[in-house]
Amino acid sequence: MSSARFVDLAFAKRLEMISAISGRECAEALRNFAPYVPTAAEEIAGGIAVFTGVDSPVTQAFGFGLDGPVTATELDRLETFFLSRGAPVTLELCPFIDRSLVELLGTRPYRLEEFSNVLVRDISAGILARTGSPVTVRAAEAGEAKLYTKLVTDGFAEQVAPTQSLLEVVEGFFYRARGQCFFAMVDGEIAGAGAVAEQEGIAEFYGASTLPGFRNRGVQTALIAERMAWAVKRGCEIATTTTGPATPSQRNFERAGFQIVYSRTKLVRKIESNGKEPA
């Protein structure tokens, strides 16, 4: 990313809506290939709330509070969207939210759950050059959704158990119309996978993992480079991704020239076991 770029509210809004629309498109894909999964998406206060199951990692809201003051009525509406479906209210918030939302959240029983880092790289001036790498990368084909899903979830199995909900969500991302999944190969074996989607000149990198037996061999470096090449061919000028703080994923992207532009905060309002909201 060029050091000359100033990350203001307008740019942050673009980045947040990339994630918001990504979740909505996952819900739309689930309705097509897994209609038994309950799904919903609703635009509220400039953001998008998505539901794809009570325990789904996509069931959350992005972009909320970035269009100016937020009223108690709008927050009530957002909470009803989740609570009426038996899910906790989960908000992914960036530092640019309006102060009114900060004050509203302070009056309600939200709990801090985690942080994540949003990274960006300017790809208009060039991309990574791959020389001498033993890793080859190929685009996933139409019939390989299950293979992609298994590879990604197996790569994360040590940290996140591959629940049915997670499997459905990962497969949902495979079917994004504006996206492409890739497989990385080492000595003829599939070693890792990653996905990318384009929206309004920004490429979003997501859904990547490496199988344990192939780590520290340049698999993710190769996948990042291939996805950047894909994005440049489609006219993207910026690439973005989200990682956990100080994770191998963050390190891999920073080595590829990505820079952290801000951190998100995840707040959750949970439901008690009796189905009622906490006091």
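In this predicted model, N117 stands opposite T243 of strand 10. These residues belong to a pairing in which strand 5 (residues 111–122) and strand 10 (residues 238–243) run antiparallel and are joined by 6 bridges; strands count as paired if DSSP finds at least two bridges between them. Helices (H or I, at least four residues) and strands (E, at least two) are DSSP runs numbered from the N terminus.

How to read the model

- Because the model is predicted, local features need pLDDT of at least 70 and side-chain atom pairs count only at pLDDT 80 or more, while totals for chains, interfaces and linings use all residues.
- Residues are numbered from 1 along each chain as its sequence is written, and side-chain values use heavy atoms, with hydrogens and water left out.

- The open sheet has 11 strands with mixed pairing, in the order 1-2-3-4-11-5-10-9-8-7-6.
- Its edges are formed by strand 1 (40–44) and strand 6 (135–139), each of which pairs on one side only.
- On average, and with direction ignored, neighbouring strands of this sheet are turned by 25° against each other, where axes are lines fitted to C-alpha atoms, for helices over the stretch in contact, and angles run from 0 to 180 degrees between N-to-C directions.
- Helix 6 (residues 219–233) packs on the sheet and touches several strands, among them strand 8 (189–199), with whose direction its own makes about 30°; contact means heavy atoms within 4.5 Å.

- All 5 of the 5 residues of strand 4 (residues 89–93) are buried, meaning under 20% relative accessible area with a 1.4 Å probe and protein chains only, whereas exposed is over 50% and partly exposed lies in between.
- From strand 4, V89, L91 and L93 point one way, while T90 and E92 point the other way.
- Strand 3 (residues 60–62) runs parallel to strand 4 and is joined to it by 2 bridges, with F62 opposite E92.
- On the antiparallel side of the pairing, 5 bridges join strand 4 to strand 11 (residues 259–269), and E92 stands opposite K266.

Nonpolar cores

- The largest nonpolar core has 54 residues, and those with the most contacts inside it include Y148, F183 and A203; such a core is a set of buried Ala, Val, Leu, Ile, Met, Phe, Trp, Tyr and Cys residues joined through side-chain atoms within 4.5 Å.
- Helix 6 gives the largest share of this core, 7 residues.
- Another core, of 36 residues, lies apart from it and includes I18, L66, F82 and C94.
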